[in-house]
Amino acid sequence: MADVATSSGNSISRRRRRRRRRRKIIDPASGLIGNKNDGISILWALLLLGLVFCLADVAYILRYVDTSAALVKNDASFIHEGEDAPIANFENFYGANWTVQEYREIRRATNIHGWDYNKLTSDTGKKKEIVALTDEEWLHIVDIKRSVLEMLLRVFKLKEVTELRHEIDAEILRDLPTSKEFFTLYGDKPRILGLTDQTCERFQQHSDRAEHYVSTAGTFNSGTNLMAELLIHNCVMKDRMAKYGNDQKGVRWQVPWGKHHPPGNEEFRMNHKTSKDADVDASNILPAVTIRDPYVWMNSMCRIEYGAFWHHDHDHHCPNLIPDEQDLKRHSKYLQKSQPIPVHVRYEGFFKHHESLVGFWNDWYREYWDSTSVPRLIVRYEDLLFHAQEVTEIVCQCAGGSMIFDDNDFHFILNSAKKGNDAHGPKELRTGYLKALIKYGKRQTNPQLTEDDLQYAKETLDKEMMDFFHYKHPHEVDG
């Protein structure tokens, strides 16, 4: 019996050893042998280590986002770029070069609702000193910039020109265009195509007015969003509201065939629908087509090309209409000496090919200019800045609509139209609007345009459209 017991005990011991051996595993990472529990422990250690790294990444990202948010909230310098919204340059805010920490302190010191520029100067010591206007200088500004100041009274809803002296920073007042600069570029009145060819009458009478809409169209970077915002905030189609309810105001963000699409293909225009416009009849919508000074527009296309493609170098030569030596060297397979640089544009379902950027501008607007089947008004983007109320009212009434407010309550869009926010915002929004006036109220020069480019543009830009919209070539302004 003892032998049986011993044999049985040995058998049990051997089975236990086999079970322990089976629990041994080979670590795939190290090749070492260990227990199963050891493998689980290693796995948990790796998971915990990964979690630590993830938390570290989240902390870094949050810090980066916080810093980035501070950088882009500097002075709303991208205001009224139309389709453009270039990132604000933190180091270019009146020559300042603040650290993020200094920027945060400045924001706390000046309150989130507005900037006190003189306080910024004294607090930081880095921003160039802004000298207050003397009485003599103020009177001189009023004398040479009166038309611009009177326009700002309407925009900012002030009564007396003298109030602007306290509402607007002295440096900005100095930089505003003079009345002569302002009118030399674009004239003293809005320029709208379509008011003398019975466009408005034909549109209002061609079908049931309750089915009509007013909307916007325009090529890339032409200010379509600003036009849409002005209409949305100030215009309603009362016949449509009476039939379908007060929420059916009859103002659409874009035409159903797509605001950036040219209208020349009649089948495409009538049948193509954007996702939100499936039930809209293309013949029942009046587009306000925005157009922009071609020299300014070409600069914007160099910043954001959208669906356009051409061989160019942002930092070296853009806009580039005729290739220079470096263009030829970099793109030798595609460009020819003294020949225009072609532009190709991708739309939804088709391409368009143009001789150059100038050709793109000419061709796109010619399709609306010459169209007999598309009821349209063509309005200048610049007039949406300088004559926003008058232009909005003309477009609204042409479509058969009515203005929501009287003259004193017109809703101006002071901030970036891309954001779609309220117009009557804090002082920094006013500053952005004023900077837009400075930018577009004076001729912009682009040193990257060569003599060949300028000569080609002068010879090629559509003269009829240039004359009608009072757009000028650089030499006509500078001379």
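Hi everyone, let's start with the sheet: it is open, has four strands in the order β3-β10-β6-β4, and its pairing is mixed. Strands here are DSSP E runs of at least two residues, helices are H or I runs of at least four, and both are numbered from the N terminus. Two strands pair if DSSP finds at least two bridges between them. At the edges sit β3 (192-193) and β4 (213-217), each pairing on one side only. Strands β6 (residues 285-291) and β10 (residues 377-380) run parallel, joined by four bridges. In one of the pairs, Ala 288 has Leu 377 in β10 as its bridge partner.

A quick word on the model: it is predicted, so local features need pLDDT of at least 70 and side-chain atom pairs count only at pLDDT 80 or more, while totals for chains, interfaces and linings use all residues. Residues are numbered from 1 along each chain as its sequence is written, and side-chain values use heavy atoms, leaving out hydrogens and water.

Now, helix α6 (residues 146-156). Which of its residues are buried? Val 148, Leu 149, Met 151, Leu 152, Leu 153, Val 155 and Phe 156 are; buried means under 20% relative accessible area, with a 1.4 Å probe and protein chains only. After α6 comes Lys 157, with a positive phi near 60°.

Methods
Buried < 20%, exposed > 50% of the residue type's maximum accessible area, 1.4 Å probe, protein only.
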